[in-house]
Amino acid sequence: MILIKGCKAVDPKTGTERIADVLVRDGKIAMIKKRIEAETVKGAENQPSGGENGTEELRVIHGAGLTLAPGLIDVHVHFRDPGLTYKEDIQTGAAAAKKGGYTTVVTMANTKPAADSPETVKYILEEGKKTGIHVLPAAAVTVGLKGEELTDMEALAEAGAVGFTDDGIPLMNGQLVMEAMEKAAGLDMPLSFHEEDPSFIRNNGINHGAVSEKLGIYGSPAVAEDSLVARDCMIALHTGAAVNIQHISSARSVAMVRAAKKMGADVWAEVTPHHFTLTEDAVLEYGTFAKMNPPLRTEADRRALIEGLKDGTIDMIATDHAPHSAEEKARPLTEAPSGIIGLETALALGITELVRTGELTIAQLMEKMSFNPACLYRLEKGWLTEGEDADLVLFDENEEWTVGDYASKASNSPFTGWKLYGKVKYTICGGEIVYEDKSADD
């Protein structure tokens, strides 16, 4: 058992927060009350379960000054397993997730082999069970991520896939996209799309604009994203499929998602912390560590992303955790792979850039980082309610810390050395403490 005393308990489902004691027992949230006495809990617990004197041990955590929220849920991570484990593997990826306050992650399908078979889906699930958190695989939309033939979605769903994506590779065949949406809608499962038309792009990972001109690189214009977002929003409207626009970066794309939602489309959108924090100027300072697909864009785009978060157009904050080796990121700007790690900095960037600036409340941030992601993937998680799974994160909103010392196998982040607010103190999954901050003891 775990008793968390005097914390600020935040429930994003109701948008409420209150000072309370929270009791965790048998993997569930057993009680949320203004005051729960440890002595009362011990006296009521009489069932033998391995503790001293035949009773379950009680761990008391003093939560005064700390915020308790549902465990974070990331709908977009790359754990590179199977096949690319020199970058990351399921165990190290999960370690980064736990340190960042995540209890559930959805892995992308662009592994080697791709997650386009029941065998690969089952492998990811089995390895995920060893981590202490929920590692849920999204399966590929097309065989081999080639964009030519749909996978057997029914078989992949039966194997345990929670959704479908060819993330990293845009689907250019509109008819195939419609067929995928129709099948996914029939299964009541979400699709996630990487929206970048390569015909508009000469150098990926860098916005086509003032910075790319300064560097003598054409880059990736926003129209590459806007054109596919517009197409897929309309196909989603016609098919009724639940469609997630991944790592949205353009102001016009935000406007199109907003319009599609108003028309009745079941369209969702996610934004990464790096897209709502940085602009294309970061490439000049951080080089390849600021290279990602889609690229960091202008200040006007960044502001539009924040407005999209505020008005509900953008439903989720997702990391697109994309580890690469130091050798790969050391290549020239046009040759290095795109992407950065993000699981260990996402919560703090949300608190620093959105909550402390008055853009979102802490409850609204938790809605974007736990409740809405759970809704998209039909998970019975993402809220603080008695009787529900004890997947929780306990953090200090006001503690300042310096980014570094990663649990991930990779360290490709422009935020290394940044001072951020919001430190994860405990991550609890299924009633078990899977991460505890020991830095104060050092």
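K87 is buried, with a relative accessible area of 7%, where buried means under 20% relative accessible area, exposed over 50% and partly exposed in between, using a 1.4 Å probe and protein chains only. The model is a predicted one, in which local features need pLDDT of at least 70 and side-chain atom pairs count only at pLDDT 80 or more, whereas totals for chains, interfaces and linings use all residues. Residues are numbered from 1 along each chain as its sequence is written, and side-chain values use heavy atoms, with hydrogens and water left out.

**Salt bridges**

- The side chains of K87 and E328 meet in a salt bridge at 2.9 Å, N to O, the term being used for a side-chain nitrogen of Lys or Arg within 4 Å of a carboxyl oxygen of Asp or Glu.
- K87 lies in the loop between β6 (72-77) and α2 (90-99) and E328 in helix α12 (residues 326-329), so the pair ties together parts that are 241 residues apart in sequence; helices (H or I, at least four residues) and strands (E, at least two) are DSSP runs numbered from the N terminus.
- E328 is also buried, with a relative accessible area of 8%.
- The closest N and O atoms of the salt bridge between R231 and D232 are 2.8 Å apart, and both R231 and D232 are buried.
- In the salt bridge between K261 and D315, the closest N and O atoms are 3.0 Å apart.
- Because K261 belongs to helix α8 (residues 251-263) and D315 to the loop between α11 (299-311) and β13 (316-317), this pair ties together parts that are 54 residues apart in sequence.
- K261 counts as partly exposed at 26% relative accessibility, while D315 is buried at a relative accessible area of 8%.

- A348 is placed in helix α13 (residues 346-355) and is buried, with a relative accessible area of 2%.
- Leaving aside neighbours within four places in sequence, A348 is in contact (heavy atoms within 4.5 Å) with W401, L420, Y421 and G422.
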